[in-house]
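Please study the structure shown below before working through the exercises. Each task is followed by a solution in steps.

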Amino acid sequence: MANVVVIGAQWGDEGKGKITDLLSKSADVVVRYQGGVNAGHTVVVKGQTFKLHLIPSGILYPETKCIIGCGTVIDPKVLIEELDRLVALNIPTDKLLISQTAHVTMPYHRSIDLASEEVRGTHKIGTTGRGIGPTYMDKSDRVGIRVQDLMDAESFREQVAWTIVQKNEILEKLYNLPPLDPEQVATEYLGYAERLRPHVVNTSVEIYEAVRRRRNILFEGAQGTLLDLDHGTYPYVTSSNPIAGGACIGTGIGPTTIDRVIGVAKAYTTRVGEGPFPTELEDASGDMLGERGAEFGTTTGRKRRCGWFDGVIGRYAVRINGMDCMAITKLDVLDEFDEIQVCVAYEINGERTTDFPNSGRDFAKCVPIYKTLPGWKQNTADCRSLEDLPKAALDYLKFLADLMEVPISIVSLGPSRDQTIIVEDPIHGPKRGLLSADGTPV
């Protein structure tokens, strides 16, 4: 038995969806523990692409129970659309469970999100405009609407009527937007409630029972470490805690339940939206990474900024999350480069550091210090074992393992399930050796 957290080790978009999908084959339960429809996981199975925003990636395995935990914020309209797409593709959704205490994204959350970002002007933080931040704000302000509130029509109508009076004040007076009709909103959302009702349960009890029965549980985060509200590149962050510790709060389990943490990082670095990005490449190399990696956001379609692998961020993610091992994705994107650079340290105000700075101002001043490694100039998309990899590609992975002081257990070489080298199964234990932190197989 193993309870494993899968988290992003960069700014999100690392390929967590594929890794979670791969590990879900060995899992009895897959739990999403934070974020909302601002997240996007892309999974490719037998040439068919599935884009998931709220539903855990494990939904593609019919026998796997999938849970949306209390730390997630749910836009019921989007969730139902996602369910409908899966049903149309003959993917069973009967094993999907939704937390009674997850908070609901309402129409005023989306309106406020878009309007507040607009008035920021040059100080925009790069929100997706999907209402996630305002939903979490209401949760913290103790005026949020939860899934269980949707299940009681009379109480829900009263709650919506009171809440929209307050929100219309903001919409009209602060943002000069038209007011919302409480009755119209309540009727719309009560329609969603009937569709979702069969899936709504006390998920904390469900997860506890799975732990008690020694089931394999996979905890799936959204976004990435550097977007964590407390430990990310504030203020250019999300409104929840994607890091491994967030799995406990966002599902209702104790920290001793977690057995392992696996981080996911691209073989290079990308970022969507605003904020400093020390290794960003605004040249032909950056364009090449973007083109070969198809770097466009699953949720927004926005073009991702691309740069070399940042080892300072990697080490920071290992420390913050307590990672046991890493999955490196999109190694094949580097196949055509003559040389590859890896950031091993920063220079800030003339001083070298290998520690990630807490200050956003200091982070904006970081100048990357690079180690140049040889490229391999060979196609790796068809490699299925470490022995298949070109020596320079294997050396690159060993260098990253040494730099981050964490083993590499999975190497992804394309979007499909089969384009993967599994060095070690984080759920069922060693299969055939692990790249150790000093770069030697064990």
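The exercises below treat cysteines, salt bridges and a charged surface patch.

This is a predicted model, in which local features need pLDDT of at least 70, side-chain atom pairs count only at pLDDT 80 or more, and totals for chains, interfaces and linings use all residues. Residues are numbered from 1 along each chain as its sequence is written, and side-chain values use heavy atoms, with hydrogens and water left out.

**Exercise 1.** Determine how many disulfides the structure holds, and examine Cys70 and Cys366.

*Solution.* 
Step 1. A disulfide is a pair of cysteine sulfur atoms within 2.5 Å. The structure holds 0 of them.
Step 2. For Cys70, the nearest cysteine sulfur belongs to Cys248 and is 11 Å away. Cys70 is buried at 18% relative accessibility, where buried means under 20% relative accessible area, exposed over 50%, and partly exposed in between (1.4 Å probe, protein chains only).
Step 3. For Cys366, the nearest cysteine sulfur is that of Cys343, at 8.3 Å. Cys366 is buried too, with a relative accessible area of 8%.

**Exercise 2.** Locate the salt bridge between Asp84 and Arg195 and state what it ties together.

*Solution.* 
Step 1. A salt bridge is a side-chain nitrogen of Lys or Arg within 4 Å of a carboxyl oxygen of Asp or Glu. A search of the whole structure finds 19.
Step 2. In the pair Asp84 and Arg195, the closest N and O atoms are 2.8 Å apart.
Step 3. Asp84 belongs to helix α2 (residues 76-88) and Arg195 to helix α7 (residues 182-196), so the bridge ties together parts 111 residues apart in sequence. Helices (H or I, at least four residues) and strands (E, at least two) are DSSP runs, numbered from the N terminus.
Step 4. Asp84 is partly exposed at 38%, and Arg195 is partly exposed at 32%.

**Exercise 3.** Is Lys266 buried or exposed, and with which residue does Lys266 form a salt bridge?

*Solution.* 
Step 1. Lys266 is buried, its relative accessible area being 0%.
Step 2. The partner of Lys266 is Glu295, with the closest N and O atoms 2.8 Å apart. Lys266 lies in strand β11 (residues 260-266) and Glu295 in the loop between α10 and β13 (305-307), 29 residues apart.
Step 3. Glu295 is buried as well, at 1%.
Step 4. A network of salt bridges links Lys266 and Glu295 with Asp13, Arg304 and Lys330.
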